[in-house]
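Biologist: Please take me through this model, one region at a time, and give the cut-offs as you go.

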Amino acid sequence: MIIPTILILYTLVFFFLRILPGNPVMAVVGTKNIPPEQLEHLMQMAGLDKPLYVQYFDYLKGVLHGDFGVTLAFPMGKPVWDYIAQRFPATLELALWAFTVSVLLGLLTGVIGATRKGTKTDTAMRVYSIIAYTLFIPWFGMMLQYLFGIHLHWLPTSGRLDPGVNLHTVTGLYVLDSIITGNWDALVSSVRHLILPALTLGIVLSGAYTRLVRNNMVDVLSQDFIRAYYARGVANRKVMWYALKNAFIPVVTLMGLQFAILLGGAVLTETTFSWPGMGTFLVDRIDYRDYNAIQGAVIFFAFFVGIISLIVDIVYALLDPRVKY
């Protein structure tokens with residue numbers, strides 16, 4: 001299922017990019033008056049002088065061999081995979097932190113709303129879920145930047161590390177690399193830089209968890225086996241834990257989808273906080289109309305999302321014995 005999805009996405013992206021006017025060479029050259037023979041030479045270097053179907057199958061053949069081609073715009077000729085390997089760890093680290101924030105906030109607010117059904121607290125949790133889900137990421141991110149970065153001077157507003165802080169990277173995940181290398185200055189700096197973008201993305205995505213957890217918990221708490229637990233004198237804490245475990249099963253599917261959204265949809269957050277990840281890389285390459293870089297990034301994301309979906313299906317089956325594949 002993953003391979004057909006990637007093929008469809010690649011085909012759509014490939015032809016959609018070429019339907020639009022212009023090309024990477026013209027995006028770089030701009031309004032400069034260059035000799036026609038030089039322009040033709042640049043088109044040949046970029047492989048854009050070939051028929052469209054030849055370009056399509058040439059790139060597809062390279063992808064099947066793990067080659068995403070080279071950049072067609074400035075800087076021309078650099079392997080796209082090198083950029084992905086350099087930028088993806090930053091996006092993954094941001095996604096993991098934002099995912100953790102969203103799940104913890106969603107579980108907390110959802111359980112509070114369910115256990116206080118019909119009260120003002122329940123209403124407040126539902127209002128929170130609506131507001132959080134409808135927040136516009138760039139606006140919310142800039143508000144947090146102004147409050148905690150500019151006004152209070154508590155947290156940095158951009159980048160991954162403070163100037164002057166050096167870190168030997170092992171995995172590309174700065175927090176993990178700081179722990180591995182024992183660089184505590186880099187650890188503090190990287191965590192401080194992660195807080196605002198992770199909160200921005202995590203709070204926005206937590207609204208969906210709040211509503212889903214709250215509704216599932218309300219449904220589970222009305223079941224007969226919960227009443228039987230109370231009738232037998234089981235402690236309320238244990239009953240809530242059993243209820244949460246049963247209510248958590250549908251949430252697993254949402255967690256997988258949300259994590260995929262975090263990876264592919266971190267563009268707004270990364271551009272707001274100048275985070276050097278795949279989002280800012282895509283925006284930069286789109287400005288240059290860099291076909292290979294855009295196609296490579298989309299294919300990589302599609303493959304990663306497919307793997308996440310497979311993992312979610314496996315976890316879902318482990319949590320719910322009724323599910324059979």
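**A walk through the model**

Modeller: Pro89 counts as buried, at 13% relative accessibility; buried means under 20% relative accessible area, exposed means over 50%, and partly exposed lies in between, with a 1.4 Å probe and protein chains only. This is a predicted model, in which local features need pLDDT of at least 70 and side-chain atom pairs count only at pLDDT 80 or more, whereas totals for chains, interfaces and linings use all residues. Residues are numbered from 1 along each chain as its sequence is written, and side-chain values use heavy atoms, with hydrogens and water left out.

Biologist: Where does Pro89 lie, and what is it in contact with, leaving aside its neighbours within four places in sequence?

Modeller: Pro89 lies in helix H5. Helices are DSSP runs of H or I with at least four residues, strands are runs of E with at least two, and both are numbered from the N terminus. Apart from neighbours within four places in sequence, Pro89 is in contact with Ile84, Arg160, Thr171, Gly172 and Leu173, where contact means heavy atoms within 4.5 Å. Pro89 and Gly172 are 83 residues apart along the chain, and their C-alpha atoms are separated by 5.1 Å.

Biologist: Stepping back, how many helices and strands are there in the protein chain?

Modeller: The protein chain has 14 helices and zero strands. Its C-alpha trace spans about 85 × 50 × 40 Å along the principal axes. Of its 325 residues, 43% are buried. Among contacts with a separation of 6 or more, 73% come from residues 24 or more positions apart.

Biologist: Back to H5, then. At what angle do H5 and H6 pack?

Modeller: Helix H5 (residues 80-115) and helix H6 (residues 120-134) pack at about 145 degrees, and their axes are 8 Å apart. Axes are lines fitted to C-alpha atoms, for helices over the stretch in contact, and angles run from 0 to 180 degrees between N-to-C directions.

Biologist: Which residues make that contact?

Modeller: H5 contributes Leu105, Thr109, Ile112 and Gly113, and H6 contributes Thr121, Asp122, Met125 and Tyr128. By class, four residues are nonpolar, three polar and one charged. Here Ala, Val, Leu, Ile, Met, Phe, Trp, Tyr, Cys and Pro count as nonpolar, Asp, Glu, Lys and Arg as charged, and the others, Gly among them, as polar.

Biologist: New topic: H7. Where does H7 bend?

Modeller: H7 bends by about 30 degrees at Gln145; the bend at a residue is the angle between axes fitted to the seven residues ending there and the seven starting there. The 15 residues of H7 (residues 137-151) should span 21 Å at 1.5 Å a residue, and the end C-alpha atoms are 20 Å apart, which agrees. The expected span is 1.5 Å times one less than the number of residues.

Biologist: What do the buried residues of H7 pack against?

Modeller: They pack against helix H9 (184-221) and helix H12 (267-272). The buried residues of H7 include Phe140, Leu144 and Gln145.

Biologist: And how far apart are the end C-alpha atoms of H9?

Modeller: H9 has 38 residues, yet its end C-alpha atoms are only 45 Å apart, short of the 56 Å that a straight helix would reach at 1.5 Å a residue. H9 bends by about 35 degrees at Ile195, and Pro197 follows within four residues.

Biologist: What about phi at His153?

Modeller: His153 has a positive phi of about 60 degrees although it is not a glycine. Most residues other than glycine have a negative phi. His153 lies in the loop between H7 and helix H8 (174-181) and is exposed, with a relative accessible area of 63%. Arg289 has a positive phi too, of about 55 degrees, and lies in the loop between helix H13 (278-287) and helix H14 (291-319).

Biologist: Is Arg289 buried or exposed?

Modeller: Arg289 counts as buried, at 15% relative accessibility. Arg289 and Arg18 are 271 residues apart in sequence and 9.5 Å apart in space, C-alpha to C-alpha. Arg18 lies in helix H1 (residues 2-19) and is buried as well, with a relative accessible area of 18%.
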